[in-house]
Amino acid sequence: MDIQDEDLERALTLSLEDSTTGEQFQADLQRALQESRSQSQSAPPQHIPQTALANTSAKPNSFLSERAQLEKERLARQKRLRGDSDDRNSSRGQTPSTSTADSEDCESDGNDLGKPAAKRRHVIPRQGRTLQQSANVINRSSKPSTSSNTSTNQPPMFWRGEIRQTANAHVDPKKDTKPTFRLSEIIGEQNDIAFAIISSYSTDYEFAYKMFSPAAPVIIVSHPATENREPSMRFIQQNWIRITPKLLYNYSCMHMKFMLVFYKSGRLRTAITTANLVPLDWRDIENTAWVQDVPLRATPIARDPRAQDFPSHLEKALNALDVQGGLDSFRTTEHKFSLPLQSISDLRCRYNFSKVHVHLVSSLSGKFEGWPEVVRVGHPRLMKVVVDIGAKPQSGWEVALECQGSSVGKYNKVWLKEFYHSASGASAQDWIGKTKKADRLPWPGKRGTKILFPSLRTVRESRLGEAGGGTMFFKRADWASGGFPRELFHDSKSKRGGVLMHSKMILGTLRRKPPLSDIKGKGKGNEDEDDSVTESGSDDGDSDIMERKVTGWVYVGSHNFTTAAWGSFQAKSTTFTPVFAVSNYELGVVVPVYDTKETDDIVCWERPPKSYESQGDQPWIQGESAVLNELNRIQRALHS
């Protein structure tokens with residue numbers, strides 16, 4: 001039993017002193033803790049970063065005596081800050097000792113309009129940290145940044161854009177060798193901020209408020225706090241407006257995670273991340289962020305309604321979220337805020353995005369008809385981007401996909417073929433008019449598509465064990481269902497060691513198609529080795545590289561690899577009038593890659609990934625974890 005297990009036991013026991021009665025509850029708790037220890041005994045001991053134990057061992061007696069009171073005070077502060085006692089959204093995914101809330105698993109097959117079974121987002125205990133202590137850990141657990149600004153007296157600037165993993169308190173220090181992003185670094189100096197537009201599926205508002213100056217106006221877009229699917233807009237603080245957009249289906253969710261930070265100097269920082277605005281996502285689990293600074297134009301340009309560049313797609317996403325309504329509300333309020341952005345169209349007109357070379361991909365909850373509308377969202381938009389960056393495979397070539405995420409949907413071969421077709425840069429016009437369905441498209445198999453999700457073994461051997469697996473979503477019923485593509489599943493293991501990944505990435509790599517005889521003659525024992533992607537593939541110079549320099553692409557953003565996130569064509573689609581339905585609001589970027597080194601610098605998992613079949617693995621199913629079930633029960637007791 002290591003130090004963290006002891007801290008966990010003490011924290012949980014203390015948290016229950018005032019909120020539980022009866023010896024049976026305590027006995028159940030001890031039994032769950034013992035089971036957790038026995039499951040983790042087979043895992044090799046791992047180094048415990050000092051930041052992971054910050055403020056928990058220096059004064060253990062004080063920690064024990066204050067733990068319960070800290071939680072009560074935190075809940076009281078949050079209720080006061082919200083000014084809204086029935087707002088459940090403020091408790092979604094909070095710091096890891098708060099009550100559980102609706103999970104981030106808002107995935108469905110995209111065809112079932114029924115309401116999904118209620119689920120919960122499990123979080124690990126906070127181990128006695130106050131909010132300020134949590135912020136200190138977040139700020140300390142990152143490698144020093146490197147940017148275009150070499151002066152230590154100036155905040156780092158990212159004029160060319162960077163993709164990095166987020167700082168984490170539990171990674172293996174020997175493997176954590178690259179620069180990372182801290183949330184405080186992305187947001188920047190509070191007093192320099194003139195205005196911000198941010199979005200998060202789960203938000204701890206107490207945590208979020210502390211990241212901005214009290215004087216700065218902020219628009220935050222979030223998932224609805226109640227079952228109401230209708231859009232809403234309201235002031236939640238004197239200078240904070242919360243917007244919840246309209247959701248098409250009962251299982252739809254506003255899943256975007258982005259930040260637009262406008263500084264008093266005129267600079268705009270754009271950030272698209274996989275992390276929610278909760279301490280857990282910036283400290284305990286691994287996430288990814290793309291960040292780029294954009295300068296103010298010397299002279300505004302005229303609006304171009306035909307533009308199809310990064311800012312024009314960003315404007316469409318913001319309009320779909322009704323951010324314009326938030327801007328209007330700030331202008332009409334009695335406080336008369338002076339905003340650097342009066343209209344969404346000001347983004348492209350007033351800010352110079354010419355140095356932004358990533359491509360924006362959004363999903364917007366709704367139904368879209370006609371090709372001009374369809375190719376702006378979901379996987380048809382991904383198809384358009386693949387073509388635009390020159391990554392569509394030429395004759396004799398193919399794309400190999402590695403799809404990593406934190407939530408697994410209800411897969412079927414029809415949708416997987418449909419997605420692979422788009423990811424190959426091929427239009428759905430190729431098949432909609434001929435077969436009406438995608439089921440006659442070639443099956444890519446695991447040569448073409450690998451789905452990456454942590455195995456049960458990987459979760460148990462991670463630094464936080466099963467208690468840290470509460471943000472990874474998979475249902476046993478889906479895994480066991482007939483026709484489910486279990487052969488595509490591969491283990492998702494962080495290159496930084498010992499942490500679970502909440503990142504969402506898709507890697508598409510171009511390679512030559514093998515001879516048909518090679519595919520049929522493949523031995524099962526060498527599946528992982530033979531299926532690994534190589535960009536060069538030959539020792540004969542560049543003979544096995546496409547004439548174009550692009551060797552593939554990487555998607556980074558909020559999309560999990562699911563129908564709900566990427567959308568699907570509807571049965572009534574025709575060649576001339578396609579109908580495409582999307583459940584969620586999602587946002588991400590695609591960046592072209594040009595060699596193996598660039599690919600490895602971005603991708604966050606160990607490659608080549610190992611298949612479940614080759615290792616005899618099973619997926620992590622959080623609903624089957626006695627540890628998480630007991631933590632959920634404890635957290636409900638704390639908040640009852």
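Which element gives the most residues to the lining of the largest pocket? That would be α21, which supplies 5 of them. Before looking at the pocket more closely, let's step back to the whole chain.

**The overall picture**

What you're looking at is a predicted model. Its average pLDDT is 79, and 70% of the residues score at least 70. The protein has 23 helices and 20 strands, and of its 640 residues, 60% are buried. If you take the contacts with a separation of 6 or more, 78% of them join residues 24 or more positions apart.

Two stretches deserve a bit of caution. Here they are side by side:

| Residues | pLDDT | Contacts beyond four places in sequence |
|---|---|---|
| 81-103 | under 50 | 97 |
| 109-142 | under 50 | 123 |

The largest pocket holds about 750 Å³ of space. It is lined by 32 residues, and the closest to its centre are Glu-162, Ile-163, Arg-164, Asp-601 and Ile-602. Several elements each bring at least two residues to this lining: the strands β3 (162-165), β10 (288-294) and β20 (586-593), plus the helix α21 (596-602). What kinds of residues make up the lining? There are 15 charged, 11 nonpolar and 6 polar ones.

**A helix tucked inside**

Now find helix α8, which covers residues 310-320. Because 8 of its 11 residues are buried, α8 is largely enclosed by the rest of the structure. The buried ones are Phe-310, Pro-311, Ser-312, His-313, Leu-314, Glu-315, Ala-317 and Leu-318. In an α-helix there are 3.6 residues a turn, so residues three or four places apart point the same way.

**One residue up close**

Finally, zoom in on Ser-199, which sits in strand β4 (residues 193-200). Is Ser-199 buried or exposed? Its relative accessibility is 4%, so Ser-199 counts as buried, given that the cut-off for buried is under 20%. Which residues does Ser-199 touch, leaving out those up to four places away in sequence? They are Val-221, Met-254, Met-256, Lys-257 and Phe-258. Take Lys-257 from that list: in sequence, Ser-199 and Lys-257 are 58 residues apart, yet their C-alpha atoms are 5.0 Å apart in space.

Technical notes: Residues are numbered from 1 along each chain as its sequence is written. This is a predicted model: local features need pLDDT of at least 70, side-chain atom pairs count only at pLDDT 80 or more; totals for chains, interfaces and linings use all residues. Side-chain values use heavy atoms; hydrogens and water are left out. Helices (H or I, at least four residues) and strands (E, at least two) are DSSP runs, numbered from the N terminus. Buried means under 20% relative accessible area, exposed over 50%, partly exposed in between (1.4 Å probe, protein chains only). Contact means heavy atoms within 4.5 Å. On a 1 Å grid over the protein atoms alone, a cavity is a set of points where a 1.4 Å probe fits but cannot get out, and a pocket is an open set with protein on both sides within 12 Å along at least five of seven lines; lining residues have an atom within 4 Å of a point. Grid points are joined across faces, edges and corners, and a volume is the space filled by probe spheres set on the points. Ala, Val, Leu, Ile, Met, Phe, Trp, Tyr, Cys and Pro count as nonpolar, Asp, Glu, Lys and Arg as charged, and the others, Gly among them, as polar. pLDDT is the predictor's confidence in each residue, from 0 to 100.
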